[in-house]
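Biologist: I would like to learn how to read this model, one feature at a time. Where do we begin?

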Amino acid sequence: MDDTLLSIQGLTKAYPGVVANDNVTFDIGKGEIHALLGENGAGKSTLVKMIYGLVAPDRGTMTLDGASFAPPKPSVARQAGVAMVFQHFSLFDALSVAENVALGMENPPKPRDLAARIRDVSEQYGLPLDPARDVSSLSAGERQRVEIIRCLLQDPRLLIMDEPTSVLTPQEVEILFETLRKLKSEGTSILYISHKLEEIRSLCDHATILRHGQKVGDCTPSETSARELAELMVGSSFATPKARDVQLGEVVLKVQNLELPALDGIGTPLRDISFELRKGEVLGIGGVAGNGQDELLMALSGERLSDPGMVTFQGNDVSRQGAGQRRLPGLLSAPEERLGHAAAPDMSLTENGVLTAGKRAGLVQNGFIDWGKSRRFAEDVIEKFDVRTPGPNVAARALSGGNLQKYVVGREIVQKPELLVINQPTWGVDAAAAASIRQALLDLAHGGAAILVISQDLDELMEISDCFAALNEGRLSQPRPVQGLDMEQIGLMLGGAHDMETAHVAS
Amino acid sequence: MDLSSISPVLLVASIMVSATPILFAAIGELVVEKSGVLNLGVEGMMITGAVVGFAVAVNTESPLVGFVAAAVAGAVLSLAFGFLTQHLLSNQVATGLGLTLAGLGLSALIGKPYEGMKSPTLPKLDLGPLSDIPGVGKMVFSHDIMVYVSILLVAAVWAFLKFTRGGLILRAVGESHDSAHALGYKVVRVRMIAILFGGACAGLGGAYLSLVRVPQWTEGMTAGAGWIALAIVVFASWRPWRILIGAYLFGGVTVLQLNLQAAGAKVPVALLSASPYLITILVLVIISARGAHGAPASLGRVFHASN
Amino acid sequence: MLRLEKRPQPSREWTALSPLLAVALTMLVGGILFAILGANPFEAIRTIFWDPIFSEQFSGFTRPQLLVKAGPLILIAIGLSIGFKAGIWNIGAEGQYIMGAICGAGAGLAFYPSDSVLIFPLMLIAGALGGWAWAMIPAILKTKLGTNEILVSLMLVYVAETILASVASGLLRNPDGMGFPGSRNFKEWDAAFNSELITGTGMHWGVVAAFIAVIAAYVLMSRHIQGFNIRLTGEAPRAARFAGVNPTRIVILCLGISGALAGMAGMFEATGPAGQVSIDFNAGYGFTAIIVAFLGRLNPIGILLAGLLMALTYIGGELAQLMLGLPGAAIQLFQGMLLFFLLATDVFTNYRLRLTKKEAV
């Protein structure tokens with residue numbers, strides 16, 4: 001077995017209440033791009049943390065190039081030639097690119113030499129980057145380059161990439177793939193973690209599929225259909241939403257030339273956004289993360305106020321009204337971040353019900369909270385949306401991500417919104433629950449509500465939306481009917497292509 | 001009033017002396033905050049340093065031993081803060097306050113027998129020809145060693161943060177403890193070291209107050225100096241050299257108001273006595289109106305490596 | 001290796017248990033401290049915690065002191081706890097207390113020697129307003145400019161102390177006081193005197209106000225939407241904005257309540273137990289109240305109990321000073337230690353200890 005780089009034998013890791021990895025075994029060959037495929041929560045992250053020395057396995061062994069490999073900490077893994085590009089949490093905003101790179105290296109060279117080497121490597125692999133810039137001024141794609149270059153400077157034998165494309169535009173994805181293929185041709189092995197099937201089919205030589213912490217299969221992706229891969233990953237087929245006849249009513253939401261500066265200089269400013277939403281309509285807004293999704297939701301929910309005339313709801317200008325005031329006539333919303341934004345982590349589900357439903361559901365009268373009624377409200381949401389929890393007294397943070405998502409989405413739907421603005425409705429939710437949330441949204445639209453779905457999952461948007469628009473650097477493209485859109489057009493919209501801009505102006 | 005009684009040479013010299021306690025405490029707190037920890041116990045550590053330094057200096061008749069003991073006392077107290085906030089994950093604001101309250105009590109207890117005593121004080125350094133320069137010599141080059149140690153400490157902290165790998169790691173930990181943890185750095189250990197350093201510095205600052213500046217022990221003698229040191233860190237936007245400017249500025253205000261009081265200026269005494277505190281507020285207001293610059297992003301947040 | 005693991009939700013048992021454990025640990029370590037100071041630890045603990053209430057010799061004098069000392073502590077701590085719940089750190093209650101006393105006493109003295117029944121209510125309102133206005137300084141600076149309220153409110157304590165020194169020997173000085181600093185003694189002016197309501201209990205209007213504050217705070221925090229919003233702001237600021245809570249209003253509300261309550265406490269103290277506004281009439285209640293607020297778990301009922309306990313340590317401390325010659329500062333340290341142990345034992349509310357094998361952390 002000379003061409004095996006890393007061999008994983010029976011790795012097992014259990015956390016209280018959940019077995020993250022159960023007896024996982026596979027090999028990664030030299031110069032191979034090996035995919036690790038699975039849904040959110042399938043145990044991919046835990047597995048790579050064990051390879052990178054962040055977590056120690058309960059059982060099982062690894063061998064790297066024939067030698068036993070059990071890194072007690074990341075620096076040991078790095079010395080052995082294992083490098084990792086993280087999905088989140090590994091850059092320091094206030095530090096420069098060079099300092100960030102130095103922090104990820106065991107024995108960084110002198111600052112001047114390091115800057116020169118960063119330039120060399122970035123040219124060699126087509127990843128332009130200025131070592132002196134502060135990371136806070138970089139785009140998501142550029143940030144990832146910092147991480148990749150940090151890894152490449154250590155001449156890794158194995159490069160681990162955790163969901164690298166979730167923050168990239170289709171064009172940037174192509175550049176990344178070129179880099180990875182070049183690395184492969186130089187003999188570097190890559191462990192590529194993703195749940196995006198098409199990417200894996202076009203890039204990877206081999207795939208290991210995880211489900212509920214167990215290895216459930218392996219295959220050669222280019223010879224396997226996306227459907228087969230999906231079935232391996234998800235395990236069972238699930239109900240797809242029913243087809244429906246759309247009857248559009250009068251305009252519910254009208255946004256005119258919405259402009260909003262970035263909050264405290266962080267985030268993306270909204271630039272000249274205009275669109276209309278009618279009763280019964282589902283508008284899907286796509287875009288790469290960090291292009292103004294959060295800001296748009298906050299501008300519509302009332303968390304941030306805009307100038308008069310920019311946001312009109314049911315014919316009334318609500319631009320200067322706060323979230324509480326907008327909620328009363330039925331403008332409800334569900335932000336992406338569940339813990340800390342949509343819900344208070346340490347408060348009970350009952351209290352988290354009062355959070356948004358207090359006035360509209362009549363849980364608060366004359367300023368006093370009716371706790372009995374609030375509890376029944378929470379129980380109602382729990383029952384209708386199949387939230388798995390011992391009861392409404394449980395703290396929000398005790399729920400799994402998917403269950404909490406069901407609760408916060410259900411909390412708004414139960415209140416019968418006239419307009420629901422929702423960001424990432426099914427993020428981190430298992431497939432069956434995701435399908436039921438999508439169905440609930442469609443039912444709501446069928447009942448006459450207007451719905452604005454912001455998501456990074458294009459499949460989801462195509463499945464439930466009537467119209468599609470894309471956010472790019474705080475600008476929104478002209479919404480277009482979903483029917484007849486092809487991937488290329490969508491890619492251009494996501495990238496903020498110029499013909500879309502002119503089309504917008506012309507219309 | 002008679003302003004001619006205020007000698008500029010003595011004024012500058014006394015500004016340097018009166019700024020030194022705050023300078024020690026502030027440069028220590030800067031390192032602590034750069035690592036992402038907010039220790040509001042500076043006042044408590046300072047006053048403990050003041051009393052321990054004084055007591056040890058009296059008993060050993062060596063002010064230098066007093067300073068060492070004060071640094072150790074400050075560090076020991078900060079160790080308690082570090083253990084609570086870093087290992088038991090307690091709220092940093094509350095724990096820092098607790099440290100200050102406990103420090104005030106502890107110092108009053110230790111200091112009772114020493115009230116009214118005189119301690120041996122530090123000799124002025126003889127810097128040879130430098131001290132003999134007319135005017136400037138007396139102003140800048142005729143101080144005790146701790147004045148220069150405090151300035152050297154600022155330079156050392158600056159160089160450490162800017163040029164060394166240790167400094168880079170410290171800043172990284174303060175910027176994002178999650179990222180630092182993901183890269184395999186020991187967040188808690190780095191922070192504990194920073195906290196201990198901050199405690200030792202606060203202890204030195206307190207000892208300077210009781211051994212040189214005043215020099216005797218009175219209960220509650222720090223009178224908010226520790227809190228002013230905290231404000232100076234904000235004023236300095238977390239940059240070492242600006243700490244020096246800030247401390248000397250406040251030293252200047254303190255000395256000037258005392259001189260004005262002595263000279264019988266036609267300004268209400270209450271206003272003059274309150275001026276260091278009012279100016280601290282004013283400076284905080286100006287800094288915050290400009291927008292917070294340079295605060296470490298993880299400052300005051302609890303770090304727990306959950307998985 | 002011992003490792004902390006986050007509990008899925010805060011433990012109710014530990015919320016109640018940790019203050020008791022902290023008190024026990026403080027007694028233990030305090031006992032050792034007293035032994036080092038040369039006192040019999042058991043006698044010292046008994047003198048501090050038992051004798052003020054049950055000793056035949058002293059309780060006649062010390063028992064009423066319990067309410068006298070607990071009143072201002074509870075009143076101030078209730079206000080502070082509301083702010084702390086919202087993550088607003090007013091640590092300058094001592095300054096608001098002083099300003100309340102000055103304004104309350106000043107408003108009364110302006111009408112000396114009127115015997116109108118309106119004098120005392122007027123002084124109460126003026127005292128509350130004085131504390132409120134002093135707290136509005138950090139509140140407005142925080143909301144308008146984002147200035148840190150911790151440092152500003154604390155700096156204002158020192159400013160208030162210089163004002164106190166100035167008015168005690170100037171504006172409010174007793175004209176018949178033969179030049180000594182300090183205001184007129186309110187004990188000699190019935191209309192303005194905050195007298196003992198029931199003889200031998202120590203109960204005065206400030207204690208009544210403290211009890212009312214406990215009940216009002218309990219209702220506010222557990223039943224009213226504003227209390228809910230305050231808690232929400234403290235626990236999850238982003239979620240609070242999402243819910244439609246205006247953070248500026250919460251800051252103004254919380255600092256306003258705590259300032260007004262501290263001001264009232266100051267006014268009650270100056271016109272009652274202290275009897276006059278003098279240079280050092282303030283006894284550090286504003287700072288001790290911080291300990292009371294935490295020891296009471298920021299819960300009104302808890303604060304009531306914690307205030308009584310802390311008052312006990314004050315009185316017991318004085319008794320120990322008298323009887324055993326323990327230094328007064330020992331009690332201050334004792335109180336500081338109590339807060340420290342509380343914060344330390346508090347970890348078990350949100351985390352549990354687990355024995356695990358060594359792992360890279």
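Modeller: We begin with pairing. Two strands pair if DSSP finds at least two bridges between them. This is a predicted model, so keep that in mind throughout. In chain A, strand S6 (residues 82–85) and strand S7 (residues 158–162) run parallel, joined by four bridges.

Biologist: Which residue of S7(A) stands opposite A:Val85?

Modeller: A:Met161 is the residue opposite A:Val85.

Biologist: Which way do the side chains of S6(A) point, and are they buried or exposed?

Modeller: A residue is buried if 20 or more other C-beta atoms lie within 10 Å of its own. In S6(A), A:Val82 and A:Met84 point one way. A:Ala83 and A:Val85 point the other way. All four named here are buried.

Biologist: How many bridges join S11(A) to S12(A)?

Modeller: Six bridges join strand S11 (residues 251–260) to S12(A), and the two run antiparallel. One residue pair to look at is A:Leu253 with its bridge partner A:Leu277 in S12(A).

Biologist: Now chain B. What is its secondary structure?

Modeller: Count the elements, then read their order. Chain B has 13 helices and zero strands.

Biologist: What radius of gyration does chain B have, and what would a compact globule have?

Modeller: Compare the value with the globule rule. For 307 residues, a compact globule would have a radius of gyration near 19 Å. Chain B has 19 Å, which agrees. Along the principal axes, its C-alpha atoms fill a box of roughly 65 × 45 × 45 Å. Of the 307 residues in chain B, 55% are buried.

Biologist: What share of the contacts in chain B joins residues 24 or more positions apart?

Modeller: Take contacts with a separation of 6 or more. In chain B, 79% of those link residues 24 or more positions apart.

Biologist: How many residues does the contact between chain C and chain B take?

Modeller: Count each side separately. The contact takes 40 residues from chain C and 40 residues from chain B. On the chain C side, strand S1 (2–6) and the helices H6 (119–145), H7 (149–168), H12 (285–295) and H14 (329–345) each supply at least two residues. By class, that side has 30 nonpolar, eight polar and two charged residues.

Biologist: And how many residues of chain C are in contact with chain A?

Modeller: There, 20 residues of chain C are in contact with 32 residues of chain A. Helix H9 (225–235) and helix H10 (237–243) of chain C each supply at least two residues. The chain C side divides into 10 nonpolar, five polar and five charged residues.

Biologist: Why is H14(C) described as largely enclosed?

Modeller: Check burial residue by residue. In H14(C), 17 of the 17 residues are buried, so the rest of the structure largely encloses this helix. H14(C) reaches 24 Å from its first C-alpha to its last, close to the 24 Å expected at 1.5 Å a residue.

Biologist: Which annotation covers residues 329–348 of chain C?

Modeller: An unreviewed UniProt entry annotates "transmembrane region" there, and over other stretches including 250–268. Residues 329–348 of chain C are 95% helix and 0% strand, with end C-alpha atoms 30 Å apart. Residues 250–268 of chain C are 100% helix and 0% strand, with end C-alpha atoms 27 Å apart.

Technical notes: Residues numbered from 1 in each chain as written. Chains lettered and ligands numbered in written order. Predicted model: local features only at pLDDT ≥ 70, side-chain atom pairs only at ≥ 80, totals over all residues. Contact = placed C-beta atoms within 7 Å. Nonpolar A, V, L, I, M, F, W, Y, C, P; charged D, E, K, R; others polar. UniProt positions renumbered as here; feature names shortened; annotations may be inferred. Expected span 1.5 Å × (residues − 1). Buried ≥ 20, exposed ≤ 12 C-beta atoms within 10 Å, placed from the backbone. Rg over C-alpha atoms; globule rule 2.2 N^0.38 Å.
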